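Hi,

Here is the structure I promised to pass on. Please have a look, and then read my notes below.

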Amino acid sequence: MSETLAEQYDAGLFDLDGVCYLGNEAIDHAPEEITRAVGEGFGHVYVTNNASRTTADVADHLAALGFPAVAGNVLTSAQVGADIAVKRCGDGAKILVIGGAGLIRAVEERGLTIVESADDCPDAVIQGFFQDVTWHDLSEAALAIRGGALYIATNLDLVIPRERGLMVGNGALVGAVSLSTGVEPISGGKPEPEIFLAAAESLGSRKPLAIGDNLDTDIKGAVSAGIDCLHVLTGLASARDICLAPPEVRPTYLCDDMRGLNEPYPEVTIDGTAVEVGSARAHWTGDAISLTAGEEIDVSVSARLNLDGYRALVHAAWIAADSGAKLDAAIGEITVVR
């Protein structure tokens, strides 16, 4: 029997929102599949762009949902943002923090000095997600940045997936300050490669696998860091989004949910414009994608595909796109079923 993905890699770098949970609800199969892999020796760290909570709070949340987690298993963009401040501004630098307890804790743990106002002449402003942020907070940040403070954002996610849908993310709030000041921040979170490399280093991992749902953060960051990645369809990006993904956001592996971590991954055979995955075959004809997965399937309209069919379709779509084809009309909404 072929090795599972967890057996092929020595550690997983797991995203949280959209991969492990949505708000206060665990995603189906995620807790038990991660627990299973970890129990068989798979290293793990939860890598999140959410800078509002401490690592202990994140670990408690995960543990309550059934995930194997302690504070040492969590790496946040707040920690990476604070590391950037130390590197750029020096030990003990004055920092104006726009963010929650997680960012405050990360800044304090690195020996930086927190100030309350632009009048304190901070060396840097660090802005992280904080759901109680106010106009006053953003204006204070803008004043400090105009005064010469380095501008650091923990992350630039425009949205955050929650149970009710997509909510306003830190990137949108950063956009207000950036638009006001004309200053683009340095970002410590995904999709910058540093957070992935720091996560792998924290485990001593030589062959990590990143697991994510968001093409623009999880997958783009892993690709830029040179780390293989598994995309799951439990969060932001849909199966159609994956088909249309440009090279810089294409995952290494595709699955519907976390069960893929503990399953053998089928060989993807490519011959010119033809792709074969298990019993599924797809190829780009020059004006359409022909797909057979048990039967011929018209993917230009809404289609239900098994995993082999989904994977074959995606690789055929990437081949077509790389040849210059426009695929918007060639691929409809795709539902992946087992």
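Helix H9 (residues 215–225) lies across strands S13 and S14 (228–232). Its direction is at about 160° to that of S14. Bear in mind that this is a predicted model.

H9 also packs against helix H8 (residues 193–203). Their axes are 8 Å apart and cross at an angle of about 75°. The two helices are therefore roughly perpendicular to each other. H8 brings Pro193, Phe196 and Leu197 to this contact. On the H9 side they meet Thr217, Asp218, Gly221, Ala222, Ser224 and Ala225.

Now the sheet that holds S13 and S14. It is open, has 6 strands and runs in the order S5-S4-S1-S13-S14-S15. The pairing is parallel. Which strands stand at the edges? They are S5 (74–76) and S15 (253–255). Each has a single partner strand, so one side of each is left without a neighbour in the sheet. From one strand to the next, the twist averages 25°.

Within this sheet, S1 (residues 11–14) and S13 (residues 208–212) run parallel and are joined by 4 bridges. Leu13 has Ala210 in S13 as its bridge partner.

Ala199 sits in helix H8. Is Ala199 buried or exposed? Its relative accessible area is 0%, so Ala199 counts as buried. Beyond its neighbours within four places in sequence, Ala199 contacts Leu13, Val45, Val47 and Leu75. Val80 is 119 residues from Ala199 in sequence, yet their C-alpha atoms are 10.0 Å apart in space.

Next, helix H2 (residues 30–39). Its buried residues include Ala30, Pro31, Glu33, Ile34 and Ala37. What covers the buried residues of H2? The cover includes helix H1 (5–8), S1, strand S3 (25–26) and strand S4 (43–48). Just after H2 comes Gly41, with a positive phi of about 100°.

Strand S8 (residues 124–127) is covered on both faces. Ala124 and Ile126 are buried on one side. Val125 and Gln127 are buried on the other. S8 also has strand partners. Strand S6 (residues 94–98) runs parallel to S8 and is joined to it by 4 bridges. Here Leu96 stands opposite Val125. Strand S9 (residues 150–153) pairs with S8 too, again in the parallel sense and over 4 bridges. Gln127 has Ala153 in S9 as its bridge partner.

Glu140 belongs to helix H6 (residues 135–146). Glu140 is buried but has no salt bridge. How far away is the nearest side chain of opposite charge? That side chain belongs to Arg146, and the distance is 10 Å. Setting aside residues up to four places away in sequence, Glu140 touches Leu96, Glu116, Ser117, Ala118 and Asp119. Two of these contacts, Glu116 and Asp119, are themselves acidic. Another, Leu96, is the residue that stands opposite Val125 in S8.

Best wishes

Notes
Residues numbered from 1 in each chain as written. Predicted model: local features only at pLDDT ≥ 70, side-chain atom pairs only at ≥ 80, totals over all residues. Heavy atoms only, no water. Pairing = 2+ DSSP bridges. Axes fitted to C-alpha atoms, helices over the stretch in contact; angles between N-to-C directions. Contact = heavy atoms within 4.5 Å. Buried < 20%, exposed > 50% of the residue type's maximum accessible area, 1.4 Å probe, protein only. Salt bridge = Lys/Arg side-chain N within 4 Å of Asp/Glu carboxyl O. Parallel < 35°, antiparallel > 145°, perpendicular 65-115°, else oblique.
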